Amino acid sequence: MRVADASADSASAPPNSAPPAYRPVQFPMPPDSTMDSGDTNVVGSSDTWFGTISITSSRGMDEVHQYYDVALPSEGWAPLSALMTSDKVVLQYVNQRLGRAAIVTLTSKSLWRGTDIDVVVSPLINRAGHS
């Protein structure tokens, strides 16, 4: 499993090497995928962040869906719901340990094989004492 990680340090890279991939936060990413820095907006760091991340995968939507069905629960994210159409999948998860909710939207690229992945992560609202 590939995880976006804020710990990459370009200072430790050998001279003339490519810069590290853009990974401001920790969140599972399918193999053969990249994070789009232009459409990624996060506040915080590591596993306490919230905001949106945009990922592009060269894998098909069904394969990416299967990846998240395994990867997120293995990291403590419990599935809440899933909505599926022929070209889009919307998955909702909650992580009680981290106190966060996530919506993962997978959109199939129509002309090219691949999947656009949009992730929104937010803190859980404390509903204790509310009816």
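This is a predicted model: local features need pLDDT of at least 70, side-chain atom pairs count only at pLDDT 80 or more; totals for chains, interfaces and linings use all residues.
**View 1. Asp116 is partly exposed, with a relative accessible area of 30%.** Here, buried means under 20% relative accessible area, exposed means over 50%, and partly exposed lies in between (1.4 Å probe, protein chains only). Asp116 pairs with Lys109 in a salt bridge, and their closest N and O atoms are 3.9 Å apart. A salt bridge is counted when a side-chain nitrogen of Lys or Arg lies within 4 Å of a carboxyl oxygen of Asp or Glu. Lys109 is partly exposed too, at 25% relative accessibility.

Residues are numbered from 1 along each chain as its sequence is written, and side-chain values use heavy atoms, with hydrogens and water left out.

**View 2. Glu63 forms salt bridges with Arg59 and with Arg113.** The whole structure holds 4 salt bridges. For Arg59 and Glu63, the closest N and O atoms are 2.5 Å apart; for Glu63 and Arg113, the separation is 3.4 Å. Glu63 sits in helix 1 (residues 61-74) and Arg113 in the loop between strand 8 (100-108) and strand 9 (115-123), so this pair ties together parts that are 50 residues apart in sequence. Helices (H or I, at least four residues) and strands (E, at least two) are DSSP runs, numbered from the N terminus. Arg59 is partly exposed at 23%, as is Glu63 at 34%, whereas Arg113 is exposed at 60%.

**View 3. Asp32 lies in the loop between strand 2 (28-29) and strand 3 (33-35).** Have a look at the backbone here: Asp32 has a positive phi of about 60°, although it is not a glycine.

**View 4. The largest nonpolar core has 23 residues.** Such a core is a set of buried Ala, Val, Leu, Ile, Met, Phe, Trp, Tyr and Cys residues joined through side-chain atoms within 4.5 Å. Phe27, Ile53, Tyr68, Val104, Leu106, Ile117 and Val119 have the most contacts inside this core. Strand 5 (50-57), helix 1, strand 7 (88-95), strand 8 and strand 9 each supply at least two of its residues, and helix 1 gives the largest share, 6 residues.

**View 5. Leu106 touches residues including Met61, Val64, Tyr68, Leu91 and Ile117.** Residues up to four places away in sequence are not counted, and contact means heavy atoms within 4.5 Å.
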